Amino acid sequence: MAGPERDNVAVPMGWAVRGSFVLVYASVLGFALGALVLIAIASVDPEVIFRVAESRSPDGRIESVDLDVVRRTQARALGLGIIYAAVAVSLILLRSRLRRGAAAGLVSIGGETRTAWSRLRLFAIGERSELVGVAALTALAAVLAAVYMGQPMRLDETTTFLTFGTRPVLYVVGTYTSTNNHVLHSALMRVSVVFFGEGQSAIRLPALLAGVAMVPLAYAVARRYADRSIALLAAALLASSTVLVDLATNARGYPLMTDFFLAMLLVAPAAVTINRAAWVLLVVLAALGAWVVPVMIFPFTIVSAVIVLERLRTHGLQGVRTFFMCCAAAVVATGVLVSLLYSPVILTAGVRPSSVSPLLEENTASSTTVLAQRLLVKLGEFWSMVTLGWPRWMAIASLGLICIGGVGSMRKWPRMFTLFGATLVLPLVVSAVTRVSIPSWSWSFLVPLYFLFTSAGAIVLIRVLTRASLRRTLAVAAVILNVTLLLASDYPQDNPGYVGFHDAPQASEFIASGSHSEARFIGHIVDLRPISYELYRRGVASECPRYAPGDRAEAVYVVDCLEHPAPEESRQALERAGYRRTGSRLLPHSRIDRYELSGPD
């Protein structure tokens, strides 16, 4: 860059002027059409909408929907329509100013794109061996994930697939009946399923691609915040880690959210200089990350803190008013864009969908002491997750290296020290303010940073002890050690909290052979969900409804898994209700019993 405020003097070019015209008037047209459609929906007779929905339902009826639900949805549609109309009118009134700003922004983005491309070409020419190393590590991550792609389906991913992966994309982006809906990831899963079928590999493909992409992104972040030695070691640790395999073979949205977080960290240093292109990218990346998982607020606060602290470190109070105006505008723009992305959900379920309430109630602490205890438990679970497959001494040593890396970066890599401090403090501050302790898997965006800080500590320690640069040796040693530990472990069996049900295919085969039109099930949901997936693939059913006392189903299947044994009382209750065992299948990790009614009531 020629100067810290270069973008403020950019002169729009012809293509940028034309592009700004298209952007502004396309936005006006989009909001105006959206307002018309929403207001039209609000104006239709609720009974007409209800009858149309009934006629399009496969069985001619709609469960959990009545006229009151339709009226509430119409009220939300009217509110959103009015908001969209107001936005369209505002865009028209401010069109001249918006076109000038958009043109300047496009010029900035174009200039930054050319600069980035030139730097990438120079990097590829000057450091080809480094690029080859990163490509090899990325390929290694893809191979390891592919090797374990066939592991049993797990509870959350089967729930996501059966609830959203089997529905049209419009349903996915407009429905939030479960917090399992990581909206953007669920939509990508649906696209993958449409093109590649309903097998495990197709369901997990978006997570695999996002997980593998974490390796080059983590390397780039480490290069930007530290140096090449740390970057190569961090990429090696991440690419060969068991936790990355686990993330990439679990059809959830966390790897995708982590990618957006890492991309934001890459852009953040440019935003310190009030670079228009950087701010636009930050807003888009933050909104897309929130569209995957709303807990993106935690990574967002980390990046925001890094930008503010780096601005104060490098510029002091110079231009503080302009800088904080940019920060405030970015936060508002991010909120607006997130609201737009979630507007279909707001239309159908309101601002806070009922599916979110149980999760918030479960994870919201009533006192500071309870919150602190829960946070310690969640952080402990995260530590166990990120060091999965490591011996205890290695896991403990990594904590020591993180401390060394944090202290050692204070003078040598001040930008990384800023990131270290923000990562250490900001998530805890957000949890303290919101009183919410998010589940351990939601902390997975910190996995690349864990390996970054561990690598920094290792490099600092080696340089102090030996005064030597061993970056390639360390990277190769890290890969060999991690891959050896992964292959020598019992993964995924040694991950009891997240392992799938191994016997689901055989169990579904036994259940399908019964040919019962109505069946009920007794067992743990962790086992029943994967069976539901296998039954769905066989075209038998997409649910395993639970048996309740008083049910008179044709058959009841008792799924007795080694990890989740069915209580003996359930069998006794079935026998008292007139059922008798008519079949059984002993499987490697479970036993399935079939009970049928022995006669009339």
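## Terms and basis of the model

A crossing is left-handed if the near helix is turned anticlockwise from the far one by less than a right angle, and right-handed if clockwise. Helices (H or I, at least four residues) and strands (E, at least two) are DSSP runs, numbered from the N terminus.

The model is predicted, with local features requiring pLDDT of at least 70 and side-chain atom pairs counting only at pLDDT 80 or more, while totals for chains, interfaces and linings use all residues. Residues are numbered from 1 along each chain as its sequence is written, and side-chain values use heavy atoms, with hydrogens and water left out.

## Confidence

The mean pLDDT (the predictor's confidence in each residue, from 0 to 100) is 83 for the chain, and 88% of its residues reach 70 or more. The pLDDT is below 50 over residues 1–11, a stretch with 22 contacts (heavy atoms within 4.5 Å) in the model beyond near neighbours in sequence.

## Helix 5 and helix 10

The crossing of helix 5 and helix 10 is left-handed. Helix 5 (residues 128–147) packs against helix 10 (residues 228–239) at an angle of about 15°, with the axes 9 Å apart; axes are lines fitted to C-alpha atoms, for helices over the stretch in contact, and angles run from 0 to 180 degrees between N-to-C directions. The two helices are therefore roughly parallel to each other, a term that applies to angles under 35 degrees.

Helix 5 contributes Glu 130, Leu 137, Ala 141 and Leu 144 to the contact, and helix 10 contributes Arg 228, Leu 232, Ala 235, Ala 236 and Ala 239. These residues divide into 7 nonpolar, no polar and 2 charged, where Ala, Val, Leu, Ile, Met, Phe, Trp, Tyr, Cys and Pro count as nonpolar, Asp, Glu, Lys and Arg as charged, and the others, Gly among them, as polar.

## Helix 13 and helix 15

Helix 13 (residues 276–292) and helix 15 (residues 320–341) pack at about 35°, with their axes 9 Å apart, and the crossing is right-handed. By class, their contact has 16 nonpolar, 1 polar and no charged residues.

An open sheet of 4 strands has the order 1-2-4-3 with mixed pairing, two strands being paired if DSSP finds at least two bridges between them. Strand 1 (519–522) and strand 3 (579–586) stand at the edges with a single partner strand each, so one side of each lacks a neighbour in the sheet.

Strand 2 (residues 555–561) and strand 4 (residues 590–597) run antiparallel, joined by 7 bridges, and Val 559 has Ile 592 in strand 4 as its bridge partner.

Notes: Parallel < 35°, antiparallel > 145°, perpendicular 65-115°, else oblique.
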